[in-house]
Amino acid sequence: MEIFLYTLSVMYSPGPVNFMGLNAGLTGQLKKTIYFFIGVGCAMLMLFMIFGYAGAAIIPQNALHYIALLGACYTFYLAFQMLKTDIEISYETAEVQVLSFWNGFWIQALNPKGILVILPVTTIMYPSAHIIGVQIFLVSLLISIGAAGAPFLYSWAGVVLGKKIKNKIWFNRINKAMGLMLLISGIFMLYDFLKGMNLI
């Protein structure tokens with residue numbers, strides 16, 4: 001039970017993936033963004049499979065900062081896409097670029113904080129709970145479904161909030177704010193890279 005409480009509390013806290021889900025809901029893209037949520041879940045499942053069966057040896061601790069650099073670059077790219085978008089409201093929906101499966105997969109796979117969440121689960125919690133063999137897959141699958149549900153829940157909250165906003169100016173301001181939050185998330189990832197390289 002503590003495995004689920006730990007992973008869900010971390011996955012449902014604000015972060016780049018959830019910011020993107022919220023923005024999708026605000027701009028009326030919830031249904032079109034389903035593949036993004038699936039991509040997030042698949043990335044989590046892949047990471048759980050790698051670390052669950054191979055353990056921490058697959059990616060040594062001193063390599064995490066390189067993942068942070070890749071994650072920062074991809075996050076900056078997605079933030080730039082959000083910041084440059086000008087939303088046009090038509091019948092209460094916004095026409096913006098739809099998030100894809102691969103957007104969800106890569107933003108989650110390259111998020112070093114996601115890996116740092118998975119490592120304690122697979123190297124400490126799984127063994128202490130005697131989760132082995134096929135149980136690793138089953139428990140990881142349930143957690144990954146929860147991971148896909150986090151940006152979906154944020155997106156749904158965005159839909160509810162978006163219905164109360166009628167003015168294009170406010171949609172664009174919120175979109176820019178989400179882009180800035182994503183940019184800040186990327187800066188933290190870049191900081192992790194620089195710290196790992198002993199440059200700061």
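Predicted model: local features only at pLDDT ≥ 70, side-chain atom pairs only at ≥ 80, totals over all residues.

Reader: Good. How do helix 3 and helix 5 cross, and at what angle?
Author: Helix 3 covers residues 34-54 and helix 5 covers residues 101-109. Their axes come within 6 Å and cross at roughly 35°.

Reader: Is that crossing left-handed or right-handed?
Author: Helix 3 and helix 5 make a right-handed crossing.

Reader: Which residues meet there?
Author: On helix 3, they are Tyr35, Phe36, Ile38, Gly39, Val40, Cys42, Ala43, Met44, Met46 and Leu47. On helix 5, they are Phe101, Asn103, Gly104, Phe105, Ile107, Gln108 and Ala109.

Reader: And by class? How many nonpolar, polar and charged residues?
Author: The contact of helix 3 with helix 5 has 13 nonpolar and four polar residues. It has no charged residues.

Reader: Next, helix 2 and helix 7. What's the geometry?
Author: The axes of helix 2, residues 16-26, and helix 7 come within 6 Å. They cross at roughly 35°. The crossing is right-handed.

Reader: Which residues make that contact?
Author: Helix 2 gives Val17, Asn18, Gly21, Leu22, Ala24, Gly25 and Leu26. Helix 7 gives Ala150, Pro151, Tyr154, Ser155, Ala157, Gly158, Val159, Leu161 and Gly162. By class, the contact of helix 2 with helix 7 has 10 nonpolar, six polar and no charged residues.

Reader: Rings now. How many aromatic pairs in the whole structure?
Author: The search finds eight aromatic pairs. One of the pairs is Phe101 with Phe105.

Reader: Why is the pair Phe101 and Phe105 called stacked?
Author: The ring planes are at 20°, so the pair is stacked. Planes under 30 degrees apart count that way. The ring centres are 6.1 Å apart.

Reader: Where do Phe101 and Phe105 lie?
Author: Both are in helix 5, four residues apart. That is about one turn of the helix.

Reader: Which aromatic cluster are they in?
Author: Phe101, Trp102, Phe105 and Trp106 form one aromatic cluster.

Reader: Back to Phe105: buried or exposed?
Author: Phe105 counts as buried, because its relative accessibility is 11%. Phe101 is at 23%, so Phe101 counts as partly exposed. The cut-off for buried is under 20%.

Reader: Switching topic. How many disulfides?
Author: The count comes to zero disulfides.

Reader: What about the accessibility of Cys42?
Author: Cys42 is at 32% relative accessibility, so Cys42 counts as partly exposed. Cys73 also counts as partly exposed, at 48% relative accessibility.

Reader: Single residues, then. Where is Ser144 found?
Author: Ser144 is in helix 7, residues 134-162. Ser144 is buried, with a relative accessible area of 3%.

Reader: What does Ser144 touch, not counting residues up to four places away in sequence?
Author: Ser144 touches Gly41, Met44, Leu45 and Phe48.

Reader: Last one: Met178. Where does it lie?
Author: Met178 lies in helix 8, residues 168-196. At 6% relative accessibility, Met178 counts as buried.

Reader: What does Met178 touch, not counting residues up to four places away in sequence?
Author: Met178 touches Phe19, Leu22, Asn23 and Met82.

Reader: How far apart are the C-alpha atoms of Met178 and Leu22?
Author: Those C-alpha atoms are separated by 8.2 Å. Along the chain, Met178 and Leu22 are 156 residues apart.

Technical notes: Residues numbered from 1 in each chain as written. Heavy atoms only, no water. Axes fitted to C-alpha atoms, helices over the stretch in contact; angles between N-to-C directions. Helix = DSSP H or I, 4+ residues; strand = E, 2+ residues; numbered from the N terminus. Left-handed = near helix turned anticlockwise from the far one by under 90°. Contact = heavy atoms within 4.5 Å. Nonpolar A, V, L, I, M, F, W, Y, C, P; charged D, E, K, R; others polar. Phe/Tyr/Trp six-rings, centres within 6.5 Å; stacked < 30°, edge-to-face > 60°. Buried < 20%, exposed > 50% of the residue type's maximum accessible area, 1.4 Å probe, protein only. Disulfide = S-S within 2.5 Å.
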